[in-house]
Each structure stands twice: as structure tokens, then as C-alpha cells.
Amino acid sequence: MSANVLWFRRDLRLRDNPALLAAAGQAGFGDRPSAVVPLFVVDPALWQPSGAVRRAYLVASLGALGDRIGGDGLLIRRGDPVAEVVSVARAADAPVVYAAADFGPYGRARDSRVAAALEAHGIRLEFVGSPYAVAPGRVTKDSGEPYQVFSPFFRAWCAHGWREPAGSPRSVRWEYPLVSSELPAAPVPEGLRLPTAGEDAALRRWRAFRDRSLPDYADARNRPDLDGTSQLSHALKWGEIHPRTLLADLDPEGDETYLKELAWREFYADVLFHRPESAREYLRAEYARMRYAEPDEAFEAWCSGRTGFPFVDAGMRQLRAEGWVHNRVRMVVASFLVKDLHVEWQHGARHFLRWLRDGDLASNQHGWQWVAGCGTDAAPYFRVFNPVTQGLKFDPTGDYVRRYVPELAHLDGKAAHTPWEVLDGYAHGYPERIVDHAAERAEALARLAEISPPRPR
């Protein structure tokens, strides 16, 4: 008996998974149940460039999904998806391979190749759903052009709306037409802690956040010293939970701030869909002409969290300790690299993708470009975050700094942000500041003026 293939990619869950319903023949009333092959392909083109943190989390998430499936779990194959998907589909005598659509530059090209190879054997590749509430390319201006600024995109995105969460299949008969491969070794880097992976853990985290922290999210979200965010970016990245599931619990008016955070993720995916080159290149090309510094000892100090600016260093050490950084801190550390050290955003973006467990190409690259001033920000390059005042404002008690910078743990309260003002501030080996922020801010603006001189009056 033939079986449909469900090709898991960024949808590592069984709940709210329309592709699973379609593969199981349960997408509508009266559908005939089908056997399903639960396939995941370890693609070297994606596995090799991924950092050790993402690889470790992915392997844990795949293990959790296999446990949810039960029995033999996932059918794992390692190699070129063109060869592996075709091989599994033919072995299963599958009429259709189902998958959630991938809108990234590599994913779109890969899926075109796989679809062509399957078609040569009379097998369809059918996309059902996507990792987004509204698929990239769906929300456009009346002219059909894509939005380039978030606010009008958000309004149009809300007006477009999204489907309710998909139901769960009544039952699924899993089939394994080929021998499963072993997952590659993916040890967690020494000294780094990862959260529990899988859709059950994601749902627990969402419900706890929804019930305890969502009412205060608008005020608490900028405070890295508090547990005020959902910390579901990694779960959304791998599809352990779908944004539909979160949106179904939100009040569009009372929870608008959190709603906007989900919309930012979809906006950046839409930007990358229309401008795939912006994954590596400047969204605003004129900024490629600016004078930049090559990564040197200062860049290494930034990477290791030893710049002498406590709020920056706490963020960079959180990255190494957890594979995650609070969003407010991400903006501050990114601004410091580009505006204070004058290093191009791509170097920081690559470092983040190496260490982040939620390393999403669209969100990471365009978040960096937003801060660097060359992306979708309506108030571009002249915004320069002050790393000291940002710390004093958003970590007023100094708890966040002391948590990640033990050399400053002896300093009470806000003194942790200004060790140079305290007699024993450097008593435990914390480094002095590597730059003068005021001077480098002026230098950043001077470099901006070189590529955008004032208009004549």
C-alpha cells in the first residue's frame, strides 16, 4: 500500500500542522486516511554553515518530535534533498510529498529542484501552509508592490488576517519504507545552556507567559533583568509552535505590542522574499560606500564581551551562555559594533548566526540592517544607542549586568553600569573601555555625512 510523504523542515510539531492533516488524508470531511512517512533530511548545505548551537538545538528538537510520533520516530536521511526525498518517495510508492512552503532564498531554489526531480517520477510536491501566519508575498500595496516600512505593513497584515489553528489528526499510521540514518553528532558547546526542545516545551512556555507575563509585556519587554518576554523565537524558528497558535490567544487591542512583535518576524520574511540578495547585501545600497573598519582586536573584544561597557558585555556573554540575547540588548550590542567600532553589520550578523539558537536568516539579517541604518528603519544611520544610558534605563538595578559579568558582581545597584566611577570598580579584572563613545558617535556621523552630504539650500 502506498504512503504519502510528509517532509518536515521548519514545522517540527504535530499540533496545528496542516501539512500533516493533508498527508494523512484528514484535511476535510470524508477524506480517506492515508499512511504517512515522517521524513526529515539532514541537508549538508544547511547543516554545515549552521553554528554548533543551532545544530545542537535542532537535534534535540528532532528527538522530541520523534518521541511524539512514537514507535520508530522520524525517518532520518542524510544528503542532498533532491536525491533523498525522491528515494524515500519512490520506496513508499508515494503519489504526493507534502511540506510546508519555505520562502527563504535557498529553500525556494532547493524546492524547485526537488519538485522537478519528483515530477520526473510522476510524484507531486505539494505545499500546505508555511511557518508564517500570512505567507510572504501575500500582503502588498494596492499597486502590488511590497511594503518597505513596518507600520503600513502591520496595518495591512492585520487587515489581511490569518486562519485559525489547524486541528489535530484523528490518527496517523506512520510508515518507514527505508532504513533511517543516524543524526549527526551535535554536542552543546561547553558552558552553554539550552532550553528543553520540542512542541510540548514550547506550548508550556507559551501558556506560562500568556497567563503570567503577557498582561505586563508592553512595559516589561525592554527589561532584560526581568523574565518579561516569551522567549519563543527558537520555537518559532523551528516550527515547534506556529504563530497561529499564539495569535489565537491574543486580544488584538490589549495585546497589540506582542502582536507587533509577531508581525515584525513576518515583515522581515516578506522583505527577504522580495529582496533575497539582502541576506548578504545592503538593503539600501548607498551604505556599501561608507568607510568601515576591518574586524580586529576590538571586534574580538566585542565577540567575547570585554569591551568595557557593561551592558554590551553582558549581552555578548549571554549569547555565549544561552544561545539567546534579549531583543533590547541585541539592538544595543549591534549599534555598538557598527556605530562605535565602525565594523560592517555582516560581521556581527554572522557571529550571531553562529551562536544563536533562534538564528533565523530573515529576522537576524534585517534586524542587523535596521540597527545599522541601512535597512527598513525610517530613522536610519544617525540613531546611535548609548550603551551606558541604555543600560541605566533598561537595567536600572544592575541585576542583568551582574548576572553575566561576574567581575562586576561586587558593585551594588546601577554602579554596575559605570565601574569607572567606583573606587574598586576594576578590582576583579573587568577591562577598561576600549573606545570613547562620544568620540565614536561623532565619527559615525561624520562617515555618514561623507556618503550623504547636506543638500544645498
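This is a predicted model: local features need pLDDT of at least 70, side-chain atom pairs count only at pLDDT 80 or more; totals for chains, interfaces and linings use all residues.

Me: With which residues is Arg-244 in contact, leaving aside its neighbours within four places in sequence, and is Arg-244 buried or exposed?

Reply: Arg-244 belongs to helix α10, which covers residues 243–247. Its relative accessible area is 7%, and because buried means under 20%, Arg-244 counts as buried. Once the neighbours within four places in sequence are set aside, Arg-244 is in contact with Arg-13, Asp-16 and Pro-18, and also with Arg-163, Glu-164, Pro-165 and Ala-166.

Asp-16 sits in the loop that lies between β1 (3–8) and α1 (18–23), and with a relative accessible area of 4% Asp-16 is buried, as is Arg-244. The backbone of Asp-16 has a phi near 45 degrees, which is a positive value in a residue other than glycine. Most residues other than glycine have a negative phi. Gln-231 also has a positive phi, of about 50 degrees, although Gln-231 is not a glycine. Gln-231 is placed in the loop between α8 (217–220) and α9 (233–237), and at 23% relative accessibility Gln-231 counts as partly exposed.

Turning to the strands, β4 (residues 96–99) and β5 (residues 124–127) run parallel and are joined by 4 bridges, with Ala-99 having Phe-127 as its bridge partner in β5.

Helix α15 (residues 345–355) packs with helix α16 (residues 361–372) at an angle of about 145 degrees, their axes being 10 Å apart, and α15 passes α16 in a right-handed crossing. On the α15 side the contact is made by Trp-345, Gly-348, Ala-349, Phe-352 and Leu-353, while α16 contributes Leu-361, Asn-364, Gln-365, Trp-368, Gln-369 and Ala-372. Sorted by type, the residues of this contact of α15 with α16 comprise 7 nonpolar, 4 polar and no charged.

To return to the part you asked about, Arg-244 is a buried residue of helix α10, and its contacts include Asp-16, a loop residue with a positive phi.

Definitions and conventions. Residues are numbered from 1 along each chain as its sequence is written. Side-chain values use heavy atoms; hydrogens and water are left out. Helices (H or I, at least four residues) and strands (E, at least two) are DSSP runs, numbered from the N terminus. Buried means under 20% relative accessible area, exposed over 50%, partly exposed in between (1.4 Å probe, protein chains only). Contact means heavy atoms within 4.5 Å. Axes are lines fitted to C-alpha atoms, for helices over the stretch in contact, and angles run from 0 to 180 degrees between N-to-C directions. A crossing is left-handed if the near helix is turned anticlockwise from the far one by less than a right angle, and right-handed if clockwise. Ala, Val, Leu, Ile, Met, Phe, Trp, Tyr, Cys and Pro count as nonpolar, Asp, Glu, Lys and Arg as charged, and the others, Gly among them, as polar. Two strands pair if DSSP finds at least two bridges between them.
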